[in-house]
Amino acid sequence: MNLRKERRYVLKNNLKAIRKNHRLTLQELANRSEIDITTLQYIEAGKRNPSGEVMLLIAKGLGIEGKKTFWNLFYLEKRF
C-alpha cells in the first residue's frame, strides 16, 4: 500500500472512530464543520483525501485544536 492510500485508510478509520466517540452523526459533524455531508461520507469511505482546509474545518467541528494534536489524531495514531 502506498503512503497516500495508507494515510487515507488511517484517516477514514480515525475520523469515524473520533466522530463516534464524540457521539456525532455525519450530519451533526458536517454542520459543526460547515462542510457538506457528502464530503464527510467520501472521506469516511476512503474515497477522497481532504484538503488541508477541509481537515482544519473537521478538526474545528470535533473541537480539536492545534496542528500537532490534529496531526496525531488523523495520521499517526491508528485507532481501529
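This briefing describes the helices, helix contacts, salt bridge and selected residues of one protein model. The model is predicted, so local features require pLDDT of at least 70 and side-chain atom pairs count only at pLDDT 80 or more, whereas totals for chains, interfaces and linings use all residues. Residues are numbered from 1 along each chain as its sequence is written, and side-chain values use heavy atoms, with hydrogens and water left out. The protein has five helices and zero strands, where helices (H or I, at least four residues) and strands (E, at least two) are DSSP runs numbered from the N terminus.

**Overall composition**

- From the N terminus on, the order of elements is α-α-α-α-α.
- Of the 80 residues of the protein, 36% count as buried; buried means under 20% relative accessible area, exposed means over 50%, and partly exposed lies in between (1.4 Å probe, protein chains only).
- The protein exposes about 5300 Å², and carbon and sulfur atoms supply 47% of that area; accessible areas come from the Shrake-Rupley method with a 1.4 Å probe, and for residues only the protein chains shown count as cover.
- Among contacts in the protein with a separation of 6 or more, 61% are between residues 24 or more positions apart, a contact being heavy atoms within 4.5 Å.

**Helix α1 against helix α3**

- Two packed helices are described by the angle between their axes and the distance between the axes.
- Helix α1 (residues 3-21) and helix α3 (residues 37-44) have axes that come within 8 Å and cross at roughly 120°. That angle makes α1 oblique to α3.
- Axes are lines fitted to C-alpha atoms, for helices over the stretch in contact, and angles run from 0 to 180 degrees between N-to-C directions. Angles under 35 degrees count as roughly parallel, over 145 as roughly antiparallel, 65 to 115 as roughly perpendicular and the rest as oblique.
- On the α1 side, Leu 11, Lys 12, Leu 15, Lys 16 and Arg 19 take part, and they meet Leu 40, Ile 43 and Glu 44 in α3.
- By class, the contact of α1 with α3 has four nonpolar, no polar and four charged residues. Ala, Val, Leu, Ile, Met, Phe, Trp, Tyr, Cys and Pro count as nonpolar, Asp, Glu, Lys and Arg as charged, and the others, Gly among them, as polar.

**The salt bridge**

- A search of the whole structure finds one salt bridge, defined as a side-chain nitrogen of Lys or Arg within 4 Å of a carboxyl oxygen of Asp or Glu.
- Arg 19 and Glu 44 form this salt bridge, with their closest N and O atoms 2.7 Å apart. Arg 19 lies in helix α1 and Glu 44 in helix α3, so the pair ties together parts that are 25 residues apart in sequence.
- Arg 19 counts as buried at 8% relative accessibility, and Glu 44 counts as buried at 13%.

**Helix α2 against helix α4**

- The axes of helix α2 (residues 26-33) and helix α4 (residues 52-62) come within 8 Å, with a crossing angle of roughly 110°. Helices α2 and α4 are therefore roughly perpendicular to each other.
- Leu 29, Arg 32 and Ser 33 of α2 make the contact with Leu 57, Ile 58, Gly 61 and Leu 62 of α4.
- By class, the contact of α2 with α4 has four nonpolar, two polar and one charged residues.

**Selected helix residues**

- Thr 39 is found in helix α3 and counts as buried at 17% relative accessibility.
- Not counting residues up to four places away in sequence, Thr 39 touches Arg 48 and Val 54.
- Asn 13 belongs to helix α1 and is partly exposed, with a relative accessible area of 21%.
- The C-alpha atoms of Asn 13 and Gly 46 are separated by 8.6 Å, although these residues are 33 residues apart along the chain.

**Loop residues with positive phi**

- Arg 23, in the loop between α1 and α2, is not a glycine and yet has a positive phi of about 55°. Arg 23 is exposed, with a relative accessible area of 74%.
- Glu 34, in the loop between α2 and α3, has a phi near 60°, a positive value in a residue other than glycine. At 61% relative accessibility, Glu 34 counts as exposed.
- Glu 34 and Lys 60 are 26 residues apart in sequence, and their C-alpha atoms are 9.4 Å apart in space.
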